[in-house]
Amino acid sequence: NANLAGYPYDPTKAKELLQAAGYRPTRKLRLWQSKSTGILKLMQSIQSDLKAVGISTEIVQGDWRDLDKAIASDSADAAYTSWWADYPDAENFLYPVFHSANFGDAGNRARYANPALDRLLESARVTDGEAERLAQYTAIEKKIVEEAPWVFLWHTKTTAAVQPWVKAYVLHPIYNGNKMLNVWLDQAAREAALR
């Protein structure tokens, strides 16, 4: 939904919300991540933002099994994870990770629970009309952003460069969709270009 705005950077408002929620820090929050230098830099930035509103954190790095175990056992206060859809449909981005039936390894690692949203997700899954499904998923996304069970950071973009002699290459919207079964090389065009 291109009309959804991200969360603004507003430390003053964050402090107000924490105070209104009765948040009183009793220990450092543990921010889990896999072992990655790039993700560590991101986590350090998040750590700095949290410090600015009075939340002390400790970054915990581990391999994927450590991270998965901490999230599954509910011992991670927060974690950096990502979601890659298996097929290009809103259902695969929303139902697995936000329906309360999917706590833990099934996808809902944040343990987000909202019975009203569960009903909306269930309804959208079985709706036939494309326009009606889109309207339902648009409303679902709006509700999820309002309730903020996740802090959404970005959605990746994939770029591919191919030589002119590579024929029938298609960059698929889903990473596992490109099986390269129809790709072929125009050998004459390749040889002419390399001369």
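The legends below describe an overall view and several close-up views of one predicted protein chain.

The model is predicted, so local features are described where pLDDT is at least 70 and side-chain atom pairs where pLDDT is 80 or more, while totals for chains, interfaces and linings use all residues. Residues are numbered from 1 along each chain as its sequence is written, and side-chain values use heavy atoms, with hydrogens and water left out.

**Figure 1. Overall view of the chain.**
The chain contains 7 helices and 5 strands; these are DSSP runs numbered from the N terminus, with helices (H or I) of at least four residues and strands (E) of at least two. In sequence order the pattern reads α-β-α-β-α-β-α-α-α-β-β-α. The radius of gyration is 21 Å, well over the 16 Å that the globule rule gives for 195 residues, so the chain is more spread out than a compact globule. That radius is taken over C-alpha atoms, and the globule rule is 2.2 Å times the number of residues to the power 0.38. Along the principal axes, the C-alpha atoms fill a box of roughly 70 × 45 × 30 Å.

Of the 195 residues, 23% count as buried; buried means under 20% relative accessible area, exposed means over 50%, and partly exposed lies in between (1.4 Å probe, protein chains only). Contacts (heavy atoms within 4.5 Å) with a separation of 6 or more come in 57% of cases from residues 24 or more positions apart. The chain carries 23 positive and 23 negative charges, whose mean positions are 7 Å apart. Lys and Arg count as positive and Asp and Glu as negative, whereas His and the chain ends are not counted. Each charge is placed at NZ of Lys, CZ of Arg, CG of Asp or CD of Glu.

**Figure 2. Close-up of Asp68 and Arg109.**
Asp68 belongs to helix 3 (residues 64–72), whereas Arg109 lies in the loop between helix 4 (90–98) and helix 5 (115–125). Their side chains are joined by a polar contact of 2.6 Å. A polar contact is a pair of N or O atoms within 3.5 Å; within protein, one must be able to donate a hydrogen and the other to accept it, and residues adjacent in sequence count only if both atoms are side-chain atoms. Leaving aside residues up to four places away in sequence, Asp68 touches Asp105 and Arg109. By the same criterion, Arg109 touches Trp64, Asp68, Ile71 and Gly104. Arg109 has a relative accessible area of 23% and is therefore partly exposed.

Lys15 is part of helix 1 (residues 11–20). Its relative accessibility is 44%, so Lys15 counts as partly exposed. Lys15 touches Ala52 and Val53, residues up to four places away in sequence not being counted. Lys15 and Val53 are 38 residues apart in sequence, yet their C-alpha atoms are 5.6 Å apart in space.

Thr57 lies in strand 2, which covers residues 57–62. With 8% relative accessibility, Thr57 counts as buried. Apart from residues up to four places away in sequence, Thr57 touches Lys28, Leu29, Leu31, Gln47 and Leu50.

**Figure 3. Close-up of two alanines with positive phi.**
Ala148 is found in the loop between helix 6 (130–147) and strand 4 (166–167). The phi of Ala148 is near 50°, a positive value in a residue other than glycine. Ala148 is partly exposed, at 38% relative accessibility. Ala168 lies in the loop between strand 4 and strand 5 (184–185). Although not a glycine, Ala168 has a positive phi of about 70°. The relative accessibility of Ala168 is 46%, which also counts as partly exposed.

Ala90 is located in helix 4 and is partly exposed, with 26% relative accessibility. Ala90 and Ala106 are 16 residues apart along the chain, and their C-alpha atoms are separated by 17 Å.
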